[in-house]
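Work through the exercises below with the sequence and the coordinates open. Each task is followed by a solution in steps.

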Amino acid sequence: MYPPHAVGITASLFERAGWDVECIDCTSLNTIDAISQILQTETKHLIGIGTSPASYHNDISFVIKLRESIGDIDIFSFGKGLGFLEKQFDLNQSVYQYTAFDFPPKSALPRFSNSELLVPERTHFMGAVNDWDHLDISEYSFLSVEASTGCYYNCNWCPYPITQGKKVHCKDLSTIRDELLYIVQFASPKSTIQFRDPLFPGSKERVYPVLEIIKSCIPPSFRVGIETRLEFLNEEVISFASSANITNINLGIEFGDPKLLSDMKPGIGSVKSALAYLEKTRNISELCLQYGIQPFVMFMLGIPGESIASLNNTIKFAQSLPDGVAIQASFFIPIPGTQIFNDLGLLGEQAIDSILKGHLKAGELLSAITEIPANLLNDAKELVQRL
Ligand code: SF4
């Protein structure tokens, strides 16, 4: 049950342009049933397919089959991760007639590869409730929302500043309230509402007002998660988040090795500061557990610059986190558009190509781009991960 938010936003943009829009979720259908469901819709002038780097290969096979059944109807692709795959989608113009590259809310609207298709500009977060009303959200157990977008830290591997921009845009408090009230009214009361802001909730000044809205709008039967940087958290915030029924806090720490953390992660500073940052990670995790919030700490393994020593330090640090902390370890993937991808040159191109062609699944180890033996990285993942 993939979070449907991108579908809702795209549908609302087209509706504003005067189109009648119907959304169909085919994620749990086989190809034949999905095509038959599309054929049953009343009128079809244009079909949009939500896609992503991870599903790119399968989606193209699906669209080729769909094309055999629907004849001469334009098909476009859209999705939050397409902004950095322009070159690859340009190669597929025979499959998709249009591609919405710059997905909102980074810029105003999907920038279509063929400007004949006109959709109105979307200013940031306009009418956020309309992003949901094309979907039967009671069908979804996980709904992602945003109180803000963008991240000014600009880590050289991260897609957020590429897809959302380096400037932070904050949703109005009244828009957040309206959106949450809508979701609570129509979603299943046991679902998870996950705030996906890179820096929840956009600025430190907004932490209490936004948590207050969450507290007043979302009943305790829902799970509510946030994702943020350590810099936004202290005991007072965690205690308030707990009273607002925040159930999990996700933190991308990335490296448990102080030198690698200092070298790679903007905003950390010297190796001494990196050591303090890791200590704070431990303290914040403990506080979350004390206040009944599940801390979820994320690490990245195998980035260029990783050594066997840094890998071992990450393993040691992750294992030193208190019992009860959930830990995810992911292998580094070079994302087109990021500085690290550009620096890798051909190696980066080949790596992303193997994912898009379906030779490798997103999340599998790209052993060609790291000097660390694959078995050590796979072992490290096993030792670090605690879900
Ligand atoms: S890794 Fe986190 S802090 Fe760095 S740019 Fe991405 S969202 Fe921002």
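Two strands count as paired if DSSP finds at least two bridges between them. The model is predicted.

**Exercise 1.** Determine the strand order of the open sheet and its edge strands.

Solution. 
- Three strands make up the open sheet, and their order is β1-β2-β3.
- The pairing in this sheet is parallel.
- β1 (46-50) and β3 (98-100) each pair on one side only, so by the pairing criterion they are the edge strands.
- From one strand to the next, the twist averages 25°.

**Exercise 2.** Which strands does helix α1 lie across, and at what angle does the helix run to β1?

Solution. 
- Helix α1 spans residues 5-16.
- This helix lies across β1, β2 and β3.
- Its direction is at about 155° to β1.

**Exercise 3.** List the residues that surround the ligand and divide them into nonpolar, polar and charged.

Solution. 
- The surrounding residues are Cys-151, Tyr-153, Asn-154, Cys-155, Cys-158, Tyr-160, Pro-161, Pro-198, Arg-229 and Gly-252.
- Sorting this shell gives seven nonpolar, two polar and one charged.
- Gly counts as polar in this division.

Terms used
Residues numbered from 1 in each chain as written. Predicted model: local features only at pLDDT ≥ 70, side-chain atom pairs only at ≥ 80, totals over all residues. Helix = DSSP H or I, 4+ residues; strand = E, 2+ residues; numbered from the N terminus. Axes fitted to C-alpha atoms, helices over the stretch in contact; angles between N-to-C directions. Contact = placed C-beta atoms within 7 Å. Near = placed C-beta within 6 Å.
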